Every structure is written in structure tokens, then in C-alpha cells.
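Please keep the sequence and the structure in view while reading.

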Amino acid sequence: MADQSRRAKYVLILGSLSAFGPLSIDMYLPAFPTIAAELRTGPSQVQLSLTACTIGLALGQLVAGPLSDTFGRRRPLLVGLVVFTVGSLLCALAPSAYALVGLRLVQGLGGAAGIVIARAVVRDLYSGIALAKFFSLLMLVNGLAPILAPLVGGQMLRVTSWRGVFAVLGAIGVVLLVTAAFGVRETLPRESRRPGSLGNTLRTFGGLLSDRAFLGFSLSAALAFASMFAYIAGSSFVLQNVYGMSPQLFSVVFGVNSLGIVLVGQLNGRLVARFDPRRLLPVGLGINAVGGVAVAVAAVTGVGLVGLLPALFLVASSVGMVFPNATALALSGLPETAGSASALLGVLQFLTGGLAAPLVGAAGPDTALPMGAVMGTLSLAAVVVFVLLARRAQPKTAEVDEHAEPNTYQR
């Protein structure tokens, strides 16, 4: 019973920490048209604030990951949470679109610590099949963030402005800071920490990038993420401006798609006990590709919501199978560099997603064609990368213990 209680606590806390990406990205999506109008700017400029946040989430992981391998997990995590909280509150005061872009970068840099260190802590505690199972459990908590964030954001717009949304994000940062301070113990013993220097960090990243298996699993997942991110960046304008949805109805549709992530993630947690993650990952990538191509077809043919909404659901829900398996496979056999490997995994995901975001608004807010083209291309690219790099590559051998218990190291 004590082990189950401890496991549940880790799922809740680490899932919440790894939800910084969805929280930072999704909560203000229903306000995109309002932000553009109030700050007197266009959709691409508003989407640039989304790109800035994702770049911050990516670059911040490059810093927080290696630091957590050197100084342990707790201290970099707590510092990152402080930066995220302050950045969120300052976003609420942004006087212009460009100020918002800069502050979103700061917000992302702070939030990155929660994402990368949560994954590293899981790798500290689990291995093998147990690792893939735990990442699937994290999808249950992590998947609630993209469901609740736009729903809360859409409803908040009834009583406050988009600035109030960022104030709430700041309050969430305070809650998570307190929770992490009292609920996350150190999981990396001092004897397992690596010397901290720029040279060591660069050599570690170089070794990871030369690992065919790590690169293949990480990059294919990143491209699938970018396809979903193109949907995140473009759906607010497409569904509201092109198809006439209200912010509240948009948030409901967005929540349904996010629920698909949770459901497929839990299904994956059951399947991984019977099938190797290497068999499940291509299935998830295939579903993502079918959905991405279907979005492109729906945009070109103009079939309307009857064709578009199911396709968007496929792209979103596939993430519940792609992420747990790709993450477990990419981090397999890398206990000494879990922080750095987790950082590089996150960088690939958020950089590809951030680069995709402005492209979906390139033709203005009144067409779905750019979103469809970007999503279809990225989904197919994910499958190609997996086939070329990861299908036959062998990840470094790791102990496979389905019933592995968390280590009990405490600082």
C-alpha cells in the first residue's frame, strides 16, 4: 500500500511538472483573436509569441538538463519554477506584441526545468518496461493539462481578459513551486553526478546525437509533436475564423482531442506489458500520419468540419502512443546522462514545434490550407525518419524489470 501511495504521488507531481508545456501553450489559445485585436497586430505575430515560448521551453532544457546531472534534480527545478512564475506574471502586463514575445521566451525558459527534470527523475527511478509504463501513466496527468487549459482559458475570457489568463498561470507556478519544494526529494545520488563544464556538456550531447537509436526515436517523436503543434498553433484561427466557432466551443473541441491523448496513453500502458515499445511506436506514428494527411485533404477539398475534426482527433490522440514509447526507448540505457538526454529529447520536440507554428498563419487567418499542408508534411516526415534511423537501430541495453521499485535515495 505504501509503494502504491508513493507511486501515485510521483505520478501526480511529476505529471504536473511535465505539463508545463501544455499549460504554457494551450491556456491562452482561445484568446488569440482577442490578443491580435487588442495589441493591433496580425495572427503571425501572435503565433510568434507561441514560438517564443516553445523556443524557451527548448533552450531551457539544454540548460536545466545538464545542470540536473551535475547538481542534482531539486535545485535546478526550484529555480526554474521561480523563473516561470515571474515570467507568467510579467506576461499579464505586456504592453505590446513584441514585449509579449520576449516575456513568453522567459516564461518558457523557466517552465523547461519542470519538463526535463520530471523525465530525468522518472529515469532515475525506473527502467525497462516499468519505465515505459510510468511514462504512460504520466500521460494521464499530463494529458489533463491540454484538456483543462483551453477550457479554463475559454471560460476565463467570459469574466476577464487574456491578461487574466497569464495571471492564473503565475498562480499555478506558485502552487507547483510549493508542491515541488515539499514533495520532490533528490533522486540523483552525489556519486552518480557528472562534473559540470561546457566541454563535458558538449561531449555528452555529441555522443547522444551520434547514437543512431537515440536520434531516430527522438527525432521521429519530435516531428509527430510538431504536427500536433501545427494544429495547436493554427486551430484557434481556423476553427473560429474559418468555421465560426466561439472561443468556448473551440475549447470544448480542443478538450475532446486532448482527451484522446489521455485515453490512448492509458491504452498504451496496458499494451506495453504485452508488446515491445519498438512495435507500438510505429503504430502511433502511422496513426499520426493518417491523421495529418487527412487534415491536408480536408483543407484542400473543403469538406468542412465533418472531415476536419476526426482527422485532428487522430493526430492528437496518436501522441498518447508516440510519446511514452519514444521517450522510454530514447532514454533506455542512459542512466548516467538522463538529464542531458531528456534535455536533448525535449529540445528536438519544442524546436520543431516552434518552427512549425508561424508557418500555419503565413496565408492569414481565413484559410486552413497552411495548417493542413504543414501537418501532413510533418506527420509523413516522422514516419520516414523512423524507418531510416530507428527501425533497425538497437538502443543501448538497459535492465528490463517490469516490477522495478523506485530507488529510495534522499538528499
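Helices are here DSSP runs of H or I with at least four residues, numbered from the N terminus. The model is predicted.

## Leu50 and its surroundings

Leu50 lies in helix α4, which covers residues 43–71, and it is buried, with a relative accessible area of 0%. Beyond its neighbours within four places in sequence, Leu50 is in contact with Ile25, Tyr28, Phe32, Arg104, Phe229, Ala233 and Ala357. One of these residues, Tyr28, is 22 residues from Leu50 in sequence, while the two C-alpha atoms are 9.6 Å apart in space.

## Aromatic rings

Five aromatic pairs are present in the structure.

Trp162 and Phe166 belong to one aromatic cluster with Tyr28 and Phe32, and both Tyr28 and Phe32 are in contact with Leu50.

## An enclosed helix

Helix α14, made of the 19 residues 338–356, reaches 27 Å from its first C-alpha to its last, close to the 27 Å expected at 1.5 Å a residue. Of its 19 residues, 17 are buried, so α14 is largely enclosed by the rest of the structure.

## A nonpolar surface patch

Val82, Val86, Leu90 and Leu93 make a nonpolar surface patch of about 350 Å². Within this group, Leu90 belongs to helix α5 (residues 74–91) and is partly exposed, with a relative accessible area of 39%.

Notes: Residues numbered from 1 in each chain as written. Predicted model: local features only at pLDDT ≥ 70, side-chain atom pairs only at ≥ 80, totals over all residues. Heavy atoms only, no water. Helix = DSSP H or I, 4+ residues; strand = E, 2+ residues; numbered from the N terminus. Expected span 1.5 Å × (residues − 1). Buried < 20%, exposed > 50% of the residue type's maximum accessible area, 1.4 Å probe, protein only. Contact = heavy atoms within 4.5 Å. Patch = residues over 30% accessible without salt bridge, like charges linked within 9 Å, V, L, I, M, F, W, Y side chains within 5 Å. Areas by Shrake-Rupley, 256 points an atom, 1.4 Å probe, with all protein chains shown as cover. Salt bridge = Lys/Arg side-chain N within 4 Å of Asp/Glu carboxyl O. Phe/Tyr/Trp six-rings, centres within 6.5 Å; stacked < 30°, edge-to-face > 60°.
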